[in-house]
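Biologist: I'm new to this one. Can you put it up and walk me through it?
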Amino acid sequence: MLRIATGIMAAVLAAAGFADSGERRAGRVAMPVVKIEQGEACVAATEEMRRDHMKMLLHQRDRTMRQGLRETRFSLKNCVECHASRETGSVLGKDGFCSSCHAYASVRMDCFECHTPLRQGRTAGAPR
Amino acid sequence: MSPDRRRFLGWGAAAAAGAALAPAFRLIELAQARSPEEAASALQRWGLLIDITKCADCDVCVTACHEENGVTGHGRPETDAQWIRQVRLRDKRTGYAQTLPLMCQHCEHPPCVDVCPTGASFRRADGIVLVDKHTCIGCRYCVMACPYGARSFIHEAVSGQKADVPRGKGMVESCTLCVHRVDRGETPACVEACNRDGGKAMVFGDLNDPSAEIYRRLRSEPSTQVRADLALNTGVRYQGL
């Protein structure tokens, strides 16, 4: 009995892993076009970033706000510096780094109601 | 007594002698600029000392504050945000007039923190009173509770924010003592501007640091808190009021 249950469980897990593989889905469904502007490596592996970037931001948010810890690794400002579009200087807009994926996933983000979506560095800020 | 024990006690005596001499020296140097990996510490308490007698009739501090923090109005003084404002006092009998800048007083016992239902209004370990806009629901209890009228509600959508100063509709905000600059080891924008273009009336520093100018002046010169009767122990002190 136990052997059968274990077998079923293994089959289910294998199927789940199979269904979850990005390549399989990409074949059937159009994937969002995410334009990565800069660098080969983010602060963590791409898979981890896709899945957990919101957790990192939330964690860093409370550390910075409450304790005054201003580490740059997971700071939103740092995200925008790297990922803002070269043309518009923003992470929002049609092909914006954040908005392209969020529009695809239909997940609303509140970050840029208050935070600036514009890079502060080289590109002159275009109105959002 | 074993030699080890004796040696140990010898060290203890030496340490005690060192501690007795220590008041002349600082054993742990209070860092002025924290590293980004270091949390705000209760060893420090940031404060301001404003000498009204030197306060020229200018608005350099107000302009600098609103420029630094990206506080822009819509030409509607009733509802536009104000982080710092110029208050004019006039003695009705003698006609003697004074102006002073008034902003969040960064109280030790802030009424805005007491009334906040979500914990958004809080006092950081180093004494800076802030609004966590992530948890602020815009109820405006703190606006009513603050005896200094220091808090503003943002009524309209905001754009063109500064990277270090996020602002958005539906939240309460006030003077942050330029926390982003203080964390970099700089002084608030109002103080910098006053010492550059104004009457050199403002001093910023650590109220707990005996080597700071603000500590020495508060210790040796008279100063007042606005509404001292409320016993809030404000971080902003005035002279010549």
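Predicted model: local features only at pLDDT ≥ 70, side-chain atom pairs only at ≥ 80, totals over all residues.

Biologist: At what angle do the two axes cross?

Modeller: Roughly 135 degrees. H2 covers residues 60–68 of chain B, and H6 covers residues 189–197 of chain B. Their axes come within 8 Å. That angle makes H2(B) oblique to H6(B).

Biologist: Is the crossing left-handed or right-handed?

Modeller: H2(B) passes H6(B) in a right-handed crossing.

Biologist: Stay with H6(B). Which of its residues are buried?

Modeller: Ala189(B), Cys190(B), Val191(B), Glu192(B), Ala193(B) and Cys194(B).

Biologist: And what do those buried residues pack against?

Modeller: Several elements of chain B. Two are helices, H2 and H5 (179–182). The others are strands: E2 (84–90), E3 (97–103) and E8.

Biologist: You mentioned E8. How many of its residues are buried?

Modeller: Four of five, so E8(B) is mostly covered. The strand spans residues 202–206 of chain B.

Biologist: Which sheet does E8 belong to?

Modeller: An open sheet of three strands in chain B, in the order E8-E1-E9. The pairing is mixed.

Biologist: Which strands stand at the edges?

Modeller: E8 and E9 (236–239) of chain B. Each has a single partner strand, so one side of each is left without a neighbour in the sheet.

Biologist: How much twist is there from one strand to the next?

Modeller: It averages 20 degrees.

Biologist: Zooming out. How many helices and strands does chain B have?

Modeller: Seven helices and nine strands. Buried residues make up 34% of its 241 residues. Take the contacts in chain B with a separation of 6 or more: residues 24 or more positions apart account for 61% of them.

Biologist: What about chain A, how many helices and strands?

Modeller: Six helices and zero strands. Along the sequence the pattern reads α-α-α-α-α-α.

Biologist: What share of chain A is buried?

Modeller: 20% of its 128 residues. For contacts between residues at least 6 apart in sequence, 56% in chain A join residues at least 24 apart.

Biologist: How many residues does each chain bring to the contact between them?

Modeller: Chain B brings 16 residues and chain A brings 15 residues. On the chain B side, seven are charged, five are nonpolar and four are polar.

Biologist: Give me a residue there. What does Ala163(B) contact?

Modeller: Leaving aside neighbours within four places in sequence, Ala163(B) is in contact with Lys77(A), Thr116(A) and Gln120(A).

Biologist: Where does Ala163(B) lie?

Modeller: In the loop between strands E6 (152–153) and E7 (172–173) of chain B. Ala163(B) is partly exposed, with 18 other C-beta atoms within 10 Å.

Biologist: Last one. Is Asp114(B) buried or exposed?

Modeller: Exposed, because 11 other C-beta atoms lie within 10 Å, and 12 or fewer counts as exposed. Asp114(B) is found in helix H3 (residues 111–115) of chain B. Its C-alpha atom and that of Cys104(B), 10 residues apart along the chain, are separated by 15 Å.

Conventions
Residues numbered from 1 in each chain as written. Chains lettered and ligands numbered in written order. Contact = placed C-beta atoms within 7 Å. Nonpolar A, V, L, I, M, F, W, Y, C, P; charged D, E, K, R; others polar. Axes fitted to C-alpha atoms, helices over the stretch in contact; angles between N-to-C directions. Parallel < 35°, antiparallel > 145°, perpendicular 65-115°, else oblique. Left-handed = near helix turned anticlockwise from the far one by under 90°. Pairing = 2+ DSSP bridges.
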